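Q: I would like to go through the salt bridges in this model. Could we take them one at a time?

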Amino acid sequence: MSTSSIPFSEGVDLHAHTSASDGSLSPTELVDKAVGLGLRAIAVTDHDTIGGLAEGRAAALGRIEFVPGVELSTEDENGRFHMLGYLFDQDSAELGETLEELRRRRAARNEKIMAKVREYDLPLTWDDVLAELKEGGEIVARPHIASAMVKKGIVTTRQEAFDKWLATGAPLYFSKGGLTAKDAAALLHRAGGISVMAHPALTKWADPDKLAEYLVTLKDEGIDGLEVYYSQHTTEQVDAYRDLADRFGLVKTGGSDFHGDPKPHVPLGIAAHGGPAPYSVLEAVRAAATAART
């Protein structure tokens with residue numbers, strides 16, 4: 001199904017970030033923007049935190065359907081990818097404790113990055129980085145460091161900061177570690193939610209044939225869905241991933257991966273083919289979550 005004919009009033013964006021992690025808009029501002037576009041539903045999927053969900057839900061009340069989400073980093077012997085979680089119990093003690101541990105790992109990585117910054121004698125301090133954190137933010141991530149590097153004149157763009165300093169293999173890169181895919185899926189299930197492999201085209205399994213092989217493992221490990229509609233997927237990739245989702249009985253989801261200023265090239269509401277993901281993906285997510293709980 002092409003999304004080119006989906007009007008915003010019947011479309012959804014199930015992948016967006018706020019200032020609670022590495023987005024530039026507050027949860028309220030994100031919801032306001034989604035409402036302004038005319039979207040039917042919006043999900044907040046911040047990295048390793050659900051701190052923006054309460055504000056987002058309150059801002060959405062009576063205006064737009066709101067979907068609670070989170071984005072987790074997973075890593076095991078097979079490789080690493082991001083996992084989206086949806087419709088979980090936001091009061092789950094286990095989920096809350098795990099997210100807190102993941103944030104501690106991020107903090108430990110940031111310490112390593114800043115130690116390397118000092119080793120390279122770069123004119124950047126931790127206060128410079130913290131100045132990039134929005135009000136209410138719980139996560140200091142590489143985009144914050146990249147923004148600070150631009151302001152200090154170390155690089156001219158955020159992309160240059162990543163390419164030269166922060167990307168995998170670059171001088172300031174350190175792995176923060178994460179949950180295995182199996183453990184992340186199980187955690188989300190125990191919290192009453194579902195698990196979805198995010199943006200497969202940005203992983204080592206971008207090739208559909210390679211992804212098909214890996215989905216055999218992921219299906220056994222409990223993954224529920226695949227992000228088929230995504231702002232950086234080509235038409236061919238959307239078609240291929242949609243076929244794979246059907247083949248493996250996975251829920252098809254979609255979203256923009258909107259961040260605001262850190263990713264100015266990614267507009268809210270554009271999941272594929274110049275439009276939003278169809279509302280049917282949210283219906284499928286809700287059905288899968290209900291089935292998982294029962």
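Q: Which side chain meets arginine 242 in a salt bridge?
A: This is a predicted model. In it, the side chain of arginine 242 pairs with that of aspartate 239, at 2.8 Å from N to O.

Q: Where do arginine 242 and aspartate 239 lie in helix H9?
A: Helix H9 covers residues 235-248, and the two residues are three apart within it, so about one helical turn separates them.

Q: Is arginine 242 buried or exposed?
A: Arginine 242 is buried, with a relative accessible area of 15%, which falls under the 20% cut-off.

Q: Changing topic, what does aspartate 246 form a salt bridge with?
A: Aspartate 246 bridges to lysine 252, and their closest N and O atoms are 2.6 Å apart. Both partners are partly exposed: aspartate 246 has 48% relative accessibility, and lysine 252 has 22%.

Q: And which residue pairs with lysine 263?
A: Lysine 263 forms a salt bridge with aspartate 257, with 3.2 Å between the closest N and O atoms.

Q: How accessible is aspartate 257?
A: Aspartate 257 is buried, at a relative accessible area of 3%, whereas lysine 263 is partly exposed at 23%.

Q: Which residues are linked in a network of salt bridges?
A: Such a network links Glu10, Arg40, Glu65 and Arg286.

Q: Finally, how many salt bridges are there by this rule?
A: The count comes to 16 salt bridges, taking a side-chain nitrogen of Lys or Arg within 4 Å of a carboxyl oxygen of Asp or Glu.

Definitions and conventions. Residues numbered from 1 in each chain as written. Predicted model: local features only at pLDDT ≥ 70, side-chain atom pairs only at ≥ 80, totals over all residues. Heavy atoms only, no water. Helix = DSSP H or I, 4+ residues; strand = E, 2+ residues; numbered from the N terminus. Buried < 20%, exposed > 50% of the residue type's maximum accessible area, 1.4 Å probe, protein only.
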